[in-house]
Amino acid sequence: LKIEVDAAGLAVGFASNTRDARIAQIHQEGGSGRVFGNIRYDYPVRTLLGFTEEEREMIRDTLLAHLAK
């Protein structure tokens with residue numbers, strides 16, 4: 001797991017060229033990957049990270065209320 005912080009914000013994720021990043025990407029977006037050597041498996045989309053629409057609205061409302069103070 002990789003964390004990047006700068007004056008503009010924060011990002012949490014996987015280093016882009018690692019096995020872990022590839023596994024996370026396949027699970028997040030769906031796709032094909034190898035299991036047990038030569039066997040290929042088509043993974044369905046299984047979101048690991050993200051926000052629901054309700055969570056986005058709550059975050060937006062909280063942020064706007066804070067900025068309005």
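**Briefing: fold, surface and salt bridges**

The protein contains two helices and four strands. Along the sequence these elements follow the order β-β-α-β-β-α. With a radius of gyration of 17 Å, well over the 11 Å that the globule rule gives for 69 residues, the protein is more spread out than a compact globule. The model is predicted.

**Overall dimensions and contacts**

- Along the principal axes, the C-alpha atoms occupy a box of roughly 60 × 30 × 10 Å.
- Of the contacts between residues at least 6 apart in sequence, 2% link residues at least 24 apart.

**Surface and charge**

- Buried residues account for 9% of the 69 residues.

**Salt bridges**

- Three salt bridges are found in a search of the whole structure.
- Lys 2 and Glu 4 are joined by a salt bridge through their side chains, at 3.0 Å from N to O. Glu 4 is partly exposed at 43% relative accessible area, and Lys 2 is partly exposed at 37%.
- Glu 53 pairs with Arg 56 in a salt bridge whose closest N and O atoms are 3.5 Å apart. Both residues belong to helix α2 (residues 53-68), where they are three residues apart, about one turn of the helix. Glu 53 has a relative accessible area of 43%, while Arg 56 has 47%; Glu 53 is partly exposed, and Arg 56 is partly exposed.
- Arg 60 and Asp 61 form a salt bridge between their side chains, at 3.1 Å from N to O. Arg 60 is partly exposed at 44%, and Asp 61 is partly exposed at 42%.

Terms used: Residues numbered from 1 in each chain as written. Predicted model: local features only at pLDDT ≥ 70, side-chain atom pairs only at ≥ 80, totals over all residues. Heavy atoms only, no water. Rg over C-alpha atoms; globule rule 2.2 N^0.38 Å. Buried < 20%, exposed > 50% of the residue type's maximum accessible area, 1.4 Å probe, protein only. Contact = heavy atoms within 4.5 Å. Salt bridge = Lys/Arg side-chain N within 4 Å of Asp/Glu carboxyl O.
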